[in-house]
Every structure is written in structure tokens, then in C-alpha cells.
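Please consult the sequence and the structure shown here.

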Amino acid sequence: MTDHALLAELHASLDQRRRPEDIAELVLRAEPGLTDRERELLERAAEHSGARRGYATSMSEDFARPVGGARQVAATARLFEVPEEASTVDGDRPDALMGFAARVGDEVGWLTGHGDFLDDRLDRAEREAAGIEVSKRQYNRRFRALRRLEAKAGTLRREQDKRRLTLLGRSGFAPCSPRWTASGSPSSSCTCPRSSASRPGVTACCSASARSAASREAPWRPASRA
């Protein structure tokens with residue numbers, strides 16, 4: 001793996017749930033200017049990394065990521081007969097979902113925030129006055145699709161906020177750091193992921209895992225009696 005790829009993986013770890021042992025292993029490979037003392041400490045930290053122990057951790061290495069609205073966008077685009085527009089909408093951005101809903105919803109007089117199926121639909125006279133020529137059945141199908149798309153945008157925004165707050169609680173503002181370039185200093189590039197992965201809560205969890213692994217390998221001895 002090239003130095004640039006190592007730095008890219010280190011930066012990607014800020015948005016994940018990587019163990020300190022595995023981050024230490026990456027830092028050892030990415031940082032050529034370590035002192036003997038720093039290398040000794042990192043070697044001790046990386047002793048139980050997945051690469052050295054030959055197994056993958058059972059703990060998820062990522063926090064749950066919200067499911068985007070690509071499916072809802074595709075369904076809405078089919079109903080409004082604009083399938084080519086589905087590929088231009090970023091389904092992972094709530095604002096993009098709402099922008100698409102507003103564009104296609106104009107065809108049936110749909111307004112953002114007015115998606116109540118009982119109170120906000122137009123009756124026959126209102127549809128005729130607005131120049132909406134689709135049948136009642138097709139109008140209702142489009143209205144429901146826009147309502148589902150709006151609801152998905154709201155759910156996606158909430159789930160993204162929850163994940164962002166989870167990352168803030170775990171890594172502080174580290175995930176907000178800009179991506180390093182190939183010309184960046186390897187030392188500064190390694191510091192942020194290393195300190196992020198070593199926050200107390202994560203370190204305690206992984207230290208307990210390491211102790212558990214070590215205890216399984218150690219010979220059993222009966223407890224001493226007073």
C-alpha cells in the first residue's frame with residue numbers, strides 16, 4: 001500500500017469505529033520519522049491488531065450509516081415519467097431530496113410541508129383550475145409518492161444528525177478535518193486518527209478486549225486462597 005493510500009485510510013478511519021490497535025498498526029506503516037521510543041510504544045499498542053493476530057474483530061468497525069433516499073427518488077421519477085432525473089439526485093442529501101420533490105411536485109400543485117393526504121390534496125375543481133390533467137388515481141399516486149419522499153428526507157436528516165452526534169461524542173471534531181493531500185506531513189496526518197481512536201471510552205473497550213484475548217492464551221491457574 002502506498003504512503004498516499006495509507007494516509008487516505010487513516011483519514012477515513014475518523015469517520016469509522018476503528019480500534020486503537022489497528023490505527024497504531026497503520027501509523028507504524030505510514031510514519032517513517034518515528035523515534036525509537038515512539039515506535040516502541042506503537043509496537044506495544046499494535047500487538048493485538050487484526051493484521052498481527054490474524055483475525056477480524058467482532059466489533060463493528062463503523063457506526064450505522066443512514067440509508068439514503070435513492071429508492072424513493074427512483075419510484076417518484078417513474079411516476080412523474082422523468083426517470084433520467086433520478087440519476088442526478090444525490091439520495092444521501094435531504095436537501096437534494098426536497099429539491100427534487102419540489103421540482104416534480106409543481107406538476108400536481110404539491111407544496112413542501114403540505115403533504116397531508118386528507119387536508120392538502122386538491123379536489124376535482126381545484127385540479128381543473130390549476131390545469132392538472134392527470135386522472136384522480138394518478139394524482140393520488142403522485143401525491144403519496146411526494147409525501148413519502150418528504151418523509152424520507154426528514155428521517156434521513158434526523159439519522160444523519162444522530163450519527164454526527166455519535167461521532168462527535170466518540171472523536172470530537174476530528175471527522176470534520178479536511179482530507180490530507182499527498183504533500184501533507186505524515187506526522188500531522190497520523191496524530192489526529194491516533195488521538196481520536198485513543199479517546200478514553202474506546203481505549204477502555206479495546207484494552208478490555210486485549211486483556212480478554214491475553215487471558216484466553218495464558219495458562220489457567222487456580223485462585224490463591226487466603
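The model is predicted. Two aromatic pairs are present in the structure, and Phe117, Tyr139 and Phe143 together form one aromatic cluster.

**Pair Phe117 and Phe143**
- The rings of Phe117 and Phe143 are arranged edge-to-face, with 6.1 Å centre to centre and 65 degrees between the planes.
- Phe117 belongs to the loop between α7 (94-105) and α8 (124-129), whereas Phe143 is part of helix α9 (residues 136-171), so this pair ties together parts that are 26 residues apart in sequence.

**Pair Tyr139 and Phe143**
- The ring centres of Tyr139 and Phe143 lie 6.1 Å apart and the planes stand at 45 degrees, so this pair is tilted.
- Tyr139 and Phe143 are separated by about one helical turn, because they are four residues apart in helix α9.

**Burial**
- Phe117 and Phe143 are both buried.
- For Phe143 the relative accessibility is 2%, and buried means under 20% relative accessible area, so Phe143 counts as buried.
- Tyr139 has a relative accessible area of 1% and is therefore likewise buried.

**Charges over the rings**
- Arg121 is placed over the face of Phe117, at 3.8 Å from the ring centre.
- Arg127 is placed over the face of Tyr139, at 5.1 Å from the ring centre.

How values were computed: Residues numbered from 1 in each chain as written. Predicted model: local features only at pLDDT ≥ 70, side-chain atom pairs only at ≥ 80, totals over all residues. Heavy atoms only, no water. Phe/Tyr/Trp six-rings, centres within 6.5 Å; stacked < 30°, edge-to-face > 60°. Helix = DSSP H or I, 4+ residues; strand = E, 2+ residues; numbered from the N terminus. Buried < 20%, exposed > 50% of the residue type's maximum accessible area, 1.4 Å probe, protein only. Lys NZ or Arg CZ within 6 Å of the ring centre and 35° of its normal.
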